[in-house]
Amino acid sequence: METIQVVFLTVLMFFVIVTVHEWGHYYFAKRAGILVREFAIGFGPKLFSYKRNETQFTLRLLPFGGYARMAGEDPELVEIQEGQTIAVRSVDDQVKMIYLDQLDNRKNVIRGEVISIDMERALKLQLDVDGEIQEYRIHPQAMLVSRGKQTQIAPKDRQFGSKTVGQRALAIFAGPLMNFILAFVLFAVYAQMAGVPVENPKNLQIGEVLEGGAADQANLQKGDIIETINGTAIGTDSQKMVSMIADSKDKPMEWTLRRGSDTFNITITPRAVEGQEGGKVGIVPTLPTRSVGFVETFKVSGVAMVDTTRIIFEGFKHLINQFNMDDIGGPVRTFEVTGQIAKQGIEQLTRWAAILSLYLGIFNLLPIPALDGSRLVFLGIEALRGRPVDPNREGMVHFIGFAMLFVLMLAVTYNDILRLING
């Protein structure tokens, strides 16, 4: 049951982080009037799909990310040529359905040869129906039907490229922004659950008791204050405590602990743990904590955001200066670490989710082709020069960047799998 719960919490965490990111793109694109064709979580084959209003919401097999597909970002897949025979269904003098195949099986439709068609600006269609030229207005939300698939048309004012630089930049930046907001909220929730370290602490306390360990069998509890070990005051030096425990494998140790107002002595014998050196008792030491008020929670969360951001950029700097494949973790490694943290409880998983959300937001803003940061760079160039970069050139840059990221992802995933196999 524990394994199922850990897997569920791990998947749920990634689902929330990715959904919040893509919802940011989706919401601000809709506010700008952009047609969002698909809101997808994951990549690859569809597992679940339903349509609401104009958008298809899908859950896909590979949980490595997601996307909000906006009209005009990619070439439209369905095109109609002059001279092509089509069938249309008109309601209130407006064409609402345009059929491109199986024309003989369509009922209550008008068939004809296309003389001219404009589905972006004028929204007009001219058909040659049995030698008579007929003109129709096309509904702004008309559907194209081909090979059993319906695709809503996208008039020019519903396409991504028709919006102002500010509207497009906000729709792109909103994804990382939502991750930053989620991280702030999760850091605040963690502060409420776990508290914050007390100022000038004198002793370590037990932050977690691992099930089945020597400490668990000795009935130690989370929150117990560690006064002395073998008569030696430990203070707040966790490394000193770990070293003493490691050097005492299979040797009884006398611990003095404080639980509330009571102080008691207990004998614990560190044991060997497979794959690790020295003795272990199965605890996670932490500094004593105190609860925080509602207002202070915002300050604590802000400090956590700043400190974690600094650590993330230090990690980027390390990768640049001393690149090593073993320092990079892909989806497999991230899932593995998340599963290990989930076993430590909902508090640590909440903190880890905040870190991952913040990392995703920062990483997506890096000026790497195919990421949100690169698209913002192109919009910045457009704002400075007064005209957009050639869409073909920009598309090629993003395509090359995506291909490089995909190859790197494959290499990292392969490395993670080998690491798991080799222990």
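This is a predicted model: local features need pLDDT of at least 70, side-chain atom pairs count only at pLDDT 80 or more; totals for chains, interfaces and linings use all residues.

Trainee: Where does glutamine 205 lie, and what does it touch?

Mentor: Glutamine 205 lies in strand β10, residues 204-209, and, leaving aside residues up to four places away in sequence, glutamine 205 touches Gly223, Asp224 and Ile225 as well as Val284, Pro285, Thr286, Leu287, Pro288 and Thr289.

Trainee: Switching topic, how many salt bridges does the structure hold?

Mentor: The structure holds 11 salt bridges, and one of them joins glutamate 38 to arginine 69, with the closest N and O atoms 3.6 Å apart. Glutamate 38 is in strand β1 (residues 36-52) and arginine 69 in strand β2 (residues 55-70), so this pair ties together parts that are 31 residues apart in sequence.

Trainee: Is glutamate 38 buried or exposed?

Mentor: Glutamate 38 is buried, at a relative accessible area of 5%, whereas arginine 69 is partly exposed, at 29%.

Trainee: Which residues are linked in a network of salt bridges?

Mentor: Lys30, Glu54 and Arg158 are linked in such a network.

Trainee: And the helices, at what angle do α2 and α7 pack?

Mentor: Helix α2 (residues 165-194) and helix α7 (residues 346-364) pack at about 160°, with their axes 8 Å apart, and the two are therefore roughly antiparallel to each other. The residues of their contact divide into 17 nonpolar, six polar and two charged.

Terms used. Residues are numbered from 1 along each chain as its sequence is written. Side-chain values use heavy atoms; hydrogens and water are left out. Axes are lines fitted to C-alpha atoms, for helices over the stretch in contact, and angles run from 0 to 180 degrees between N-to-C directions. Helices (H or I, at least four residues) and strands (E, at least two) are DSSP runs, numbered from the N terminus. Angles under 35 degrees count as roughly parallel, over 145 as roughly antiparallel, 65 to 115 as roughly perpendicular and the rest as oblique. Ala, Val, Leu, Ile, Met, Phe, Trp, Tyr, Cys and Pro count as nonpolar, Asp, Glu, Lys and Arg as charged, and the others, Gly among them, as polar. Contact means heavy atoms within 4.5 Å. A salt bridge is a side-chain nitrogen of Lys or Arg within 4 Å of a carboxyl oxygen of Asp or Glu. Buried means under 20% relative accessible area, exposed over 50%, partly exposed in between (1.4 Å probe, protein chains only).
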